[in-house]
Amino acid sequence: MDFVDLRAQYQRLKPRIDARIQAVLEHGRFILGPEVQELEERLAARIEARHAIGCASGTDGLLLALMALGIGPGDEVVTTPFTFFATGEMITLLGAQPVFVDIEPVTWNIDPARIEDAITPRTRAILPVSLYGQPADMDAVNAVAERHHVPVIEDAAQSFGAVYKGRHSGNLSTIGCTSFFPSKPLGAYGDGGACFTNDDTLAAAMLELRNHGQSARYRHTRIGINGRLDTMQAAILLAKLEVFDEELISRAEVADRYTALLHEIISTPRVLPDRSSAWAQYTIELDDRAAVEKALHGAGVPTAVHYPTPLHLQPVYAGKGVRAGSFPHAERAAERVLSLPMHPYLGPPQIEQIAEAVRAAVTAVTVR
Ligand SMILES: Cc1ncc(COP(=O)(O)O)c(C=O)c1O
């Protein structure tokens, strides 16, 4: 059993994906070839954003967004400590400081009610993450940002395809960034990412920044990066985008099945009524994670922990004045979360087998 079964998807899409790859091999425009713009247009249309800018990874997307907003040394960016490392890493890479705010225990996303206290005269942006596929409470985050006249970047690496109050994740704030890491809901066969915005100036800045700050060929008006989306990956994503909506439905069905089978025995994920999840992960909470994890691996069920250490407790951030105990909800989640296999091709028998293994593991741990 695979945690994410990419082969099942390839078997389904093989003719379309192979034809797209073949087309790139034939035209040979490997860097910023026509598929990149075609994909950008489709992605922008998909989430009703004015601009989509393809880039080399979700990490580069965050970097480009922060660079376009002019964030640098001496600046502070308010974000969540319960996320993949890249969220904080890109803030620090630019010489700015991530200022962490604890999460809401139900959604695991940044708690908007706590953001105000973290704002200082140096705050230059707020960077919520839509973790596991469920959008953060973006209206509440945007309201705080508006009061303090700062932009909001949504780290939508895991949530492309999700909806919040009728609007699309990635298009809920000043800039949204997503990732096409292979195991993401819309995944490439290598690294890739995209930024979204409705602001023409920011879009133009990110387009230049991803390509060495060039406004025209060999005319460099900014210091940028080589952060272009690969043509081959864009071609693969175009083929996958055709079935993306069906796959989102299948992911939701997998999640609903898991929840129906497990909610009486463990803490299952809750998606709030005003939003949907792209179900990048199906994550449960456990009192004795290590024991359940071990039992599941023994039963042949792969699992993952997203993420075992909150950012403020990572070695690189330790000693920066934020001690263990500062963000109790994030720290508790990091000790308790466990993600189960999740992909659109997980059939009912497999889901039942996994749920049964979880039930057996939890029961064994409880009676121990
Ligand atoms: C929340 C979050 N932010 C950023 C990233 C970075 O994306 P990538 O791996 O495409 O660089 C990821 C994905 O791994 C992520 O899950």
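**Strands, ligand site and backbone of a predicted model**

Q: What is the relative accessible area of leucine 32?
A: This is a predicted model in which local features need pLDDT of at least 70 and side-chain atom pairs count only at pLDDT 80 or more, while totals for chains, interfaces and linings use all residues. Residues are numbered from 1 along each chain as its sequence is written, and side-chain values use heavy atoms, with hydrogens and water left out. Leucine 32 falls in the partly exposed class, between buried (under 20% relative accessible area) and exposed (over 50%), with a 1.4 Å probe and protein chains only. Its relative accessible area is 27%.

Q: Between which helices does leucine 32 lie?
A: Although not a glycine, leucine 32 has a positive phi of about 50 degrees. Helices (H or I, at least four residues) and strands (E, at least two) are DSSP runs numbered from the N terminus. The loop that holds leucine 32 lies between helix H1 (6-27) and helix H2 (34-46).

Q: What is the relative accessible area of histidine 212?
A: Histidine 212 is found in the loop between helix H7 (200-209) and strand S10 (214-216). It is not a glycine, yet its phi is positive, at about 60 degrees. Histidine 212 is partly exposed, and its relative accessible area is 34%.

Q: Which strands stand at the edges of the open sheet?
A: Three strands form this sheet in the order S3-S2-S4, with parallel pairing; two strands pair if DSSP finds at least two bridges between them. Each edge strand has a single partner strand, so one side of each is left without a neighbour in the sheet. The edge strands are S3 (97-100) and S4.

Q: Which residue in S4 is the bridge partner of valine 77?
A: Strand S2 (residues 76-79) and S4 pair in the parallel sense over four bridges. Four of the five residues of S4 (residues 123-127) are buried, so this strand is largely enclosed by the rest of the structure. In S4, valine 77 has as its bridge partner alanine 125.

Q: Which residue in S3 is the bridge partner of valine 78?
A: S2 and S3 also pair in the parallel sense, over four bridges. The partner of valine 78 in S3 is valine 99.

Q: How far does a polar side-chain atom of threonine 59 lie from an oxygen atom of the ligand?
A: A polar side-chain atom of aspartate 155 lies 2.7 Å from a nitrogen atom of the ligand. For glutamine 158, a polar side-chain atom is 2.8 Å from an oxygen atom of the ligand. For threonine 59, the distance to a ligand oxygen atom is 2.5 Å.

Q: Which residue does a cis peptide bond join to histidine 306?
A: The omega of this bond is about 10 degrees. The residue joined to histidine 306 is tyrosine 307.

Note on methods: Polar contact = N/O pair within 3.5 Å; in protein donor to acceptor, adjacent residues only side chain to side chain.
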